[in-house]
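Could you take a quick look at this one with me? A few notes follow, in the order I'd go through them.

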Amino acid sequence: MAANTNRPTLIALTALAPISWGSTYAVTTEFLPADRPLFTGVTRALPAGLLLLASARVLPRGAWWGKAAVLGALNIGAFFPLLFLSAYRLPGGMAAVVGSVGPLFVAGLAAPLLGDRPTSRTLLTGIAAALGVSLVVLKAAGALDAVGVLAALGATASMSTGTVLTKRWGRPDGVGPLALTAWQLTAGGLLIVPVALLVEGAPPALDGRAVGGYLYLALANTAVAYWLWFRGIGRLGATQVTFLGPLSPLTAAVIGWAALGQTLTPVQVAGIVLAFGATVFGQLGPRGGRPTPPCGSRRRAAQRPRREKNSPGRIPLPFTGTCLDTLIPQVES
């Protein structure tokens, strides 16, 4: 009962992550040095990861060294550079449009990895969200850049895969979302460091505005936001959490209108209403939790011995036809 009562609060807290990410563009353009996307990625990820790691005081064990590295590479190390590359090379918010198809990526990956078959409701809601975002940010000016489009698709695929694997693997016993976030941010930041030094060279000189901008990105925009995001993935369905993603470009559009003097056309307002409506509708679908094993029956499920509350269980490879004992560990209410 407590879980049901707290679910709207959990969704609202998780939504703060993409809302915070929507402020990234304004902070980058108004406070940070130009043309330093990789340095910005490092300063977002690594300090935040080390800070959370010092707070959690828990290191990975056993197979989780490899899992943390994989999740860090997908959610941070590959996602950040690809995202910034697409933003620099694509005109008029096309990167945000491509990114808004994230729910469709997750729905496709959830079938083989989570046993969650996408429904027509999920697909239609994902299409509506992408259409709404495109009305808000897409402009006709400029030609599409193939590298930018591929980078945007790569960023979306990377984050979507990381989201599904985060839900599939859960967390080790006794490890909370704070430590899991710290592992990924640290691993991802360390992966970006050599690329940033090779491509961009030494760090730039920073003034007070830049320092303030980087502190905001590292603390609120990354440490807190990613902790809320991974916490939400652990307690809600992966597809459901991803439907909160369109809040990021919508927030960017609202900030541009309210703080940067940008105008919103009636078409953009309609796009905001459509994308926000799809986001809300995506939260009204089936709730996250343990999906029904595709090859298991209630009778056989009842015969299996009960496991401890936080036991990760055994997860077979997809397409094996093997029944799942447990797909994801239940988290505390």
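**Notes on the model**

1. This is a predicted model, and the mean pLDDT of the chain is 75, with 73% of its residues reaching 70 or more. Over residues 288-333, though, the pLDDT is below 50, and that stretch still has 72 contacts in the model beyond near neighbours in sequence.

2. Where pLDDT is low, the predicted coordinates should not be read in detail.

3. H3 has 20 residues and spans 28 Å from its first C-alpha to its last, close to the 28 Å expected at 1.5 Å a residue. H3 is also mostly covered, with 14 of its 20 residues buried.

4. Arginine 57 sits in the loop between helix H3 (37-56) and helix H4 (64-77). The residue is exposed, at a relative accessible area of 75%.

5. H4 is the one I'd check by eye. For its 14 residues, the end C-alpha atoms are only 17 Å apart, short of the 20 Å that a straight helix would reach at 1.5 Å a residue. The buried residues of H4 include Trp64, Ala68, Leu71 and Gly72, and also Leu74, Asn75, Ile76 and Gly77.

Key
Residues numbered from 1 in each chain as written. Predicted model: local features only at pLDDT ≥ 70, side-chain atom pairs only at ≥ 80, totals over all residues. Heavy atoms only, no water. Helix = DSSP H or I, 4+ residues; strand = E, 2+ residues; numbered from the N terminus. Buried < 20%, exposed > 50% of the residue type's maximum accessible area, 1.4 Å probe, protein only. Expected span 1.5 Å × (residues − 1). pLDDT = per-residue confidence, 0-100. Contact = heavy atoms within 4.5 Å.
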